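The following exercises are to be worked through with the sequence and the structure at hand. Each task is followed by a solution in steps.

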Amino acid sequence: MSFLENNTNKKKVDKMFCPNCGYKNDDNFRFCEQCGYPVNSTMEDQPAETQPAALNPDQVPTPQANSHKKNKIWIAAVAILALGGGAFLIWKSTLPPQQEELPGTTSTSSMTDISVPSTSSVETAISSVSSEQKAISSPSAQEVPAAASAPIIKEIVPPKYDNITDFSEGLAAVRLNDKWGFINKDGREILPPKYDQVYGSGSSEGLHQVGLNDKWGFIDKTGTEIIPLKYAWVDKFSDGLVAVCLNLDNAKFGFIDKTGTKIIPLQYDSVSNFSEGLAGVNIGFNSNGATGRWGFINQSGKEITPLKYDFVGPFSEGRAVIELNKKSGFIDKTGKEILPPRYDVISDFSEGLAAVKLNDKWGFVDKSGNEVVSPQYDYTFDFSEGLGLVEWNDKYGFIDKTGKEIIPPKYDTRHDDIKEIRTFSEGLASVHLAEKWGFIDKTGKEVIPLQYDYESSFSEGLAAVRLNGKWGLIDKTGKEISPPYYDEIRYFSDGLAAVKLNDKWGFIAKMK
């Protein structure tokens, strides 16, 4: 007789079966040790008939389910494990109860007042899943065993911070009590929260921007200050250089390298980041409305183009947008005008094409300035994975690089009165109709039905989806990897994703 069968009349048990994979967990785990699926930590006050039934070993799918010899080996292994587990439980019962720490938690006194979501909140979240959610969810683990390649999602850093940034080059910035610090992927504090500000978009070629008392500098991955906090403004490192300014009242901008050495004097009224070895610089811009004139310099400070344009964009695929007299064109890296300014708007190049606007209609040009798709759409967006997004009469679809409509415009462009359109990512595009979201492939086939309240694009094989105000994760087959539980989930980056619960932030990880 199994453990649960021997205790069917009890309202509380010391073990909890995972509703996803059937693994038996200790009662102080919030997530299954085997598959990472949220589990109830207690069965207290739960009717006996709602407790999970014991798994019959003969029903557990195996590669050779009919092999009598392997069944014997399996049963013997279970018996050995059961004896060992029983001895462990007897020994454990003699010890005083302890709270098991999740990976990445800290025992410092500054963290003791942080409220970490209780296991009962997970129990409530799972037990309150509506019948609609259950209908949408993937089949249970007993019906369809989890694929061997399916990722296991585990909470590495429990939600306890006031705000966080995504991981970048192994570090993430975290805010606690209005101060910012840094943690590594294990959740260990590399630098305790002490800065007033950090740059929100992560690492800057191995260095992180930090601010204290309105002064900015840079630290490395160990938390060591590499460039002193003495600047009134700093940008991100790009091509080994970063734009800086010492005084915003009489702002002049120049560039330093990663040692803090001044490479280009602080002499310009405005600058842009270096991209593909060139940076835009401006003389004449001021806060009173003067726009000045823009041109490009190289990394030694030499002018590549004269400062004559009203605006310049960054270089992308060897081309940069230029604007003169309210018309746009683009130049190459020698400063030659490949396409003289004649369009109303030009976007940056992506996959060899740039979106252009003329007389309120949008199309695409190639890097030679030839119109590949004449301006005819209400709106176009960059090409991604071979397809470009186009909008017509408040509906959007996709075209290929010859202008052929692969997916006719039929999806809604607005969600909750906000323009929401998505390009392809990892082979799938997020689309929505009548306030419901799903995913299509590059042929237009709806591979994941339009059934979610909101969703993100795929990132590292997973997408965040929202149902009834809670966020979970699905894979590219639509299988539910993590049920709707969190208040917010960001994109995966470096194998981790930021999650929010009860106004606190933490991280989950793909344990593969």
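## Exercise 1: An open sheet

Strands S8, S9, S10 and S11 form an open sheet of four strands, in the order S8-S9-S10-S11, with antiparallel pairing. Strand S8 (197-198) and strand S11 (225-231) are at the edges with a single partner strand each, so one side of each is left without a neighbour in the sheet.

The model is predicted: local features need pLDDT of at least 70, side-chain atom pairs count only at pLDDT 80 or more, and totals for chains, interfaces and linings use all residues. Residues are numbered from 1 along each chain as its sequence is written, and side-chain values use heavy atoms, with hydrogens and water left out.

Task: Determine how many bridges join strand S9 to strand S10, and which residue stands opposite valine 210.

Solution. 
1. Strands are DSSP runs of E with at least two residues, helices are runs of H or I with at least four, and both are numbered from the N terminus.
2. Two strands pair if DSSP finds at least two bridges between them.
3. Strand S9 (residues 208-212) and strand S10 (residues 215-219) run antiparallel and are joined by five bridges.
4. Opposite valine 210 stands glycine 217 of S10.
5. As background, strands of a sheet pair through backbone hydrogen bonds, either parallel or antiparallel.

## Exercise 2: Strand S6 and its partners

Task: State which residues of S5 and S7 are bridge partners of residues in S6, and describe the turn of each hairpin.

Solution. 
1. Strand S5 (residues 172-176) runs antiparallel to S6, and five bridges join them. Valine 174 has glycine 181 in S6 as its bridge partner.
2. The hairpin of S5 and S6 has two residues between the strands, and asparagine 177 in the turn shows a positive phi of about 55 degrees.
3. Strand S7 (residues 189-195) is also antiparallel to S6, with three bridges joining the two.
4. The hairpin of S6 and S7 has five residues between the strands, and glycine 187 takes a positive phi near 90 degrees.
5. Strand S6 (residues 179-183) is mostly covered, with four of its five residues buried. Buried means under 20% relative accessible area, exposed over 50%, and partly exposed in between (1.4 Å probe, protein chains only).

## Exercise 3: Positive phi in other turns and loops

Task: Locate aspartate 494, glutamate 385 and aspartate 416, and give the phi of each.

Solution. 
1. Strand S42 (residues 488-493) and strand S43 (residues 496-501) are antiparallel and joined by four bridges; isoleucine 489 has valine 499 in S43 as its partner. In the turn of their hairpin, which has two residues between the strands, aspartate 494 has a positive phi of about 55 degrees.
2. Glutamate 385 lies in the loop between strand S28 (379-384) and strand S29 (387-392). Its phi is positive, about 55 degrees, although the residue is not a glycine.
3. Aspartate 416 is placed in the loop between strand S32 (414-415) and strand S33 (418-419). Its phi is near 55 degrees, again positive in a residue other than glycine.

## Exercise 4: A buried charge

Task: Which side chain of opposite charge is nearest to aspartate 400, and with which side chain does aspartate 400 make a polar contact?

Solution. 
1. Aspartate 400 is found in the loop between strand S30 (395-399) and strand S31 (405-412).
2. Lys and Arg count as positive and Asp and Glu as negative, while His and the chain ends are not counted. A salt bridge is a side-chain nitrogen of Lys or Arg within 4 Å of a carboxyl oxygen of Asp or Glu.
3. Aspartate 400 is buried yet has no salt bridge; lysine 404, the nearest side chain of opposite charge, is 5.7 Å away.
4. A polar contact is a pair of N or O atoms within 3.5 Å; within protein, one must be able to donate a hydrogen and the other to accept it, and residues adjacent in sequence count only if both atoms are side-chain atoms. The side chain of aspartate 400 makes one with the side chain of threonine 402 (2.7 Å).
5. Not counting residues up to four places away in sequence, aspartate 400 touches Phe383, Gly386, Leu387 and Ile406, where contact means heavy atoms within 4.5 Å.
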